[in-house]
Amino acid sequence: MLACLIGYFGDFDLAEEATAEAFAVAAQRWPGAGMPDNPGAWLVTTARRRAIDRLRRDRVLAAKLPLLARQPEEAEQVMDGPPIPDERLELVFMCCHPALAIEAQVALTLRAVAGLTTEEIARAFLVPAETMKRRLTRAKSKIKVAGIPFAVPVASQLPERLAAVLAVVYLIFNEGYGDASPENPKTPKTGTSRGPGLAAEAIRLGRVLAALLPAEPEVLGLLALMLLHDARREARFDGQDLVLLPDQDRSRWDWRQIAEARDLLDHALLDPALRARPAARGPYALQAAIASLQAETPLDWPQVAALYGELADRTGSDVIRLNRAVAIAEAGDPSAALVIVDGLDLPGYQYWHSTRAELLRRLGRGAEARAAYREALALARTVPERRFLERRIAET
């Protein structure tokens, strides 16, 4: 519905409001009158009529009249015959409009498509919620002022939008994977834990992307990365306790999924045709290569550190540099790792504090480690993470 209405009116706010109103009307009428024969068409038509009423009330009907020439019954057919064989992915590509900055594309799409809250999107970008709220507002204003047209892109336009689309899918997966503990607190506003569902939806979108763009190494790399992480999902928790990677029961890993991911990764990194492409050995493929190494026994930490170094050079990300520091510590040099961590600017990032605490603990600096663990505990979102940090504080 949202894809249809945004494409029809070119207005995010109007489409979101009309969609919500249509569902509210359905919730009132359907229990008594029964569900219509075509619920989707009924909802789209109702939402469209609500949007038109709102435009009339706002006295801009004349400016919008060309958009409203079609009959309501045509609304459910607006998106027939697109180059993308999935409605959700259509909307992702449609929202990732190159006229917007890529950060705005990703943030707006996470809000409109994945339904993430402003706070969740801000956390993904490591910025305050108020900052993200202003970014979203500016992006929507630019869409209105510049008259940016929203329509499903043709096949030739997909590559220019791909970087933002991959970022959206990856952040949807991260939000779901991070919230996937069985004892996780309920999600704000909805009151339900939605982590595993978000992660599964991201993987599904990744599979559609891989079928749509099989010659794009970064598409294959992203799908491999998500499959590798998701394969360890069942072993990450023991009741309410977080289980770190070295302590996980590998018999609970999904080895068929790991094998599938490695086949995708080999294709992305080793196929001569794909290796010749500009996007070869990109950030997602490199991260997938690291995740694949983490499934090896013994784990080659120096190689992991080297890959993180290459990835940091490509992305300039402090989070990647933090992960490289962890690998350096695991390879036997926690002092060098602490120097790297102390040089990063990630004060609001929980894992910067917990990583620093672990390094201080290994170096015998107990009081400083406890203080760092408490900083991480103040930022922790899930019950298993809080229990782990509380245990570390008591043990240090």
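## Buried face and packing of helix H2

In this predicted model, the residues of H2 that are buried are Phe12, Leu14, Ala15, Ala18, Thr19, Ala22, Val25, Ala26 and Trp30. These buried residues of H2 pack against several other helices, namely H1 (2-9), H3 (39-57), H5 (87-95), H6 (102-112) and H8 (129-146).

Helix H2 covers residues 12-33, 22 residues in total, and the distance from its first C-alpha to its last is 31 Å, which is close to the 32 Å expected at 1.5 Å a residue. Just after H2, the backbone of glycine 34 takes a positive phi of about 90°.

## Leucine 126, between H7 and H8

The loop between helix H7 (118-125) and H8 contains leucine 126, and H8 is also one of the helices against which the buried residues of H2 pack. Leucine 126 has a positive phi of about 60°, although this residue is not a glycine. Because its relative accessibility is 41%, leucine 126 counts as partly exposed, a class that lies between the limits of 20% for buried and 50% for exposed.

Threonine 297 and proline 298 are joined by a cis peptide bond, for which omega is about -5°. Proline 298 belongs to the loop that lies between helix H14 (283-293) and helix H15 (301-315).

Terms used. Residues are numbered from 1 along each chain as its sequence is written. This is a predicted model: local features need pLDDT of at least 70, side-chain atom pairs count only at pLDDT 80 or more; totals for chains, interfaces and linings use all residues. Side-chain values use heavy atoms; hydrogens and water are left out. Helices (H or I, at least four residues) and strands (E, at least two) are DSSP runs, numbered from the N terminus. The expected span of a helix is 1.5 Å times one less than its number of residues. Buried means under 20% relative accessible area, exposed over 50%, partly exposed in between (1.4 Å probe, protein chains only). Contact means heavy atoms within 4.5 Å.
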